[in-house]
Amino acid sequence: MAQSFARGFTIKNMLLAGILLMLAGDFMFALNDAMGKWLVASFSVGQVVLIRSIGAFIVLGPMIANQGTGRLFSLDRPMLQVLRVVATTLDTGFFYAAVVYLPLADVMSFYMAGPIYVAALSHLLLGEKVGWRRWLAILVGFCGVLIILKPSSAAFSMSSGFALVGSIAFGFAIILGRRLRGTSDTTLVTWQTIGTLVVGGVLTIGAWRTPSALDFGAMLLLGVVSCAAHLMITRALKLAPASTLAPLHYSLLLWAIVFGLAFFGDVPSLRILVGSAIVVLAGIFIFHRQKVVETVVPPENVPKGVN
């Protein structure tokens, strides 16, 4: 009886810790997005991504030393690891390219469709069964994306295209992260940071502008904030079920509206709000149906010793 109570108490504590980490990670991501938008107004996307990636190693350095560099090169499913690095690099690069010209809330509206892409891609790439109700929700969610995108010759912009491609890459990264759940947080985040470091360095060629000490420090801090957010969310997904945590990710849109209004004076249009509402409701329904149909929830299957 005592053991059962203690086990239930531990599970509840882990669930609460996962929820709090997810909320904190999403706030840090929103802060990262606002800082990034401010910086790409004065510096090239490549330069911001390069210095941001260097800053991330302020957090990752001690973690790599604690884990041991050997584990960075002992990778499970190396091809999937490479694909995940490509997906996360595209996600980061296209996000910053989009916020150069678009309000934060507009860009985040595209990224809120990430769970909808995941549901569709899970059927195609993971062989997971998706019933007709979820397929209907996926189609409704895509209608919301089209409302946000407004794909007419007069309204469609390159920045909107960047946001759309980046959000699709984000969906692929989630799928690949699910397949690589047994890889340590440190290894996953280190390789995706190396990917953005390399791409940022290439894009900076011919586009370098010497930053002031304040700007350089802000770009390094951007790396610290984004790395902390990645680590928080990665850990949260190992402490609590994804179906419980995923709806909390929509708090990013709220923070994007708040930060966009407070720092940039961006007021989301009615079209963006309507499209975002459709996307969020479709995503929540998808998570609800996933929880309903999974009468037996499998364990997270994280091998012992994975940190």
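## Exercises on a predicted model

Asp185 is buried, with a relative accessibility of 4%. The model is predicted, and the exercises start from this residue.

**Exercise 1.** Find which residue forms a salt bridge with Asp185.

*Solution.* 
- Step 1. Search the whole structure: one salt bridge turns up.
- Step 2. Name the partners. Asp185 pairs with Arg235, and their closest N and O atoms are 3.5 Å apart. The cut-off is 4 Å, so the pair qualifies.
- Step 3. Asp185 lies in helix H9 (residues 185–204), and Arg235 in helix H10 (residues 213–239). They are 50 residues apart, so the bridge links distant parts of the chain.

**Exercise 2.** Classify Arg235 as buried, partly exposed or exposed.

*Solution.* 
- Step 1. Take the relative accessible area of Arg235: 28%.
- Step 2. Apply the limits. Buried means under 20% and exposed over 50%. Arg235 is therefore partly exposed.

**Exercise 3.** Describe the surroundings of Thr89.

*Solution.* 
- Step 1. Locate Thr89: helix H4 (residues 78–99).
- Step 2. Check accessibility. The value is 11%, so Thr89 counts as buried.
- Step 3. List the contacts. Leaving aside residues up to four places away in sequence, Thr89 touches Gln192, Gly195, Thr196 and Val199.

**Exercise 4.** Determine where confidence is highest and lowest among the elements of the chain.

*Solution.* 
- Step 1. Start with the chain. Its mean pLDDT is 81, and 85% of residues reach 70 or more.
- Step 2. Go to the elements. Helix H2 (residues 45–67) has the highest mean, 94; helix H11 (residues 242–245) has the lowest, 68.
- Step 3. Flag residues 295–307. Their pLDDT is below 50, and the stretch has 23 contacts in the model beyond near neighbours in sequence.

Note on methods. Residues numbered from 1 in each chain as written. Predicted model: local features only at pLDDT ≥ 70, side-chain atom pairs only at ≥ 80, totals over all residues. Heavy atoms only, no water. Helix = DSSP H or I, 4+ residues; strand = E, 2+ residues; numbered from the N terminus. Buried < 20%, exposed > 50% of the residue type's maximum accessible area, 1.4 Å probe, protein only. Contact = heavy atoms within 4.5 Å. Salt bridge = Lys/Arg side-chain N within 4 Å of Asp/Glu carboxyl O. pLDDT = per-residue confidence, 0-100.
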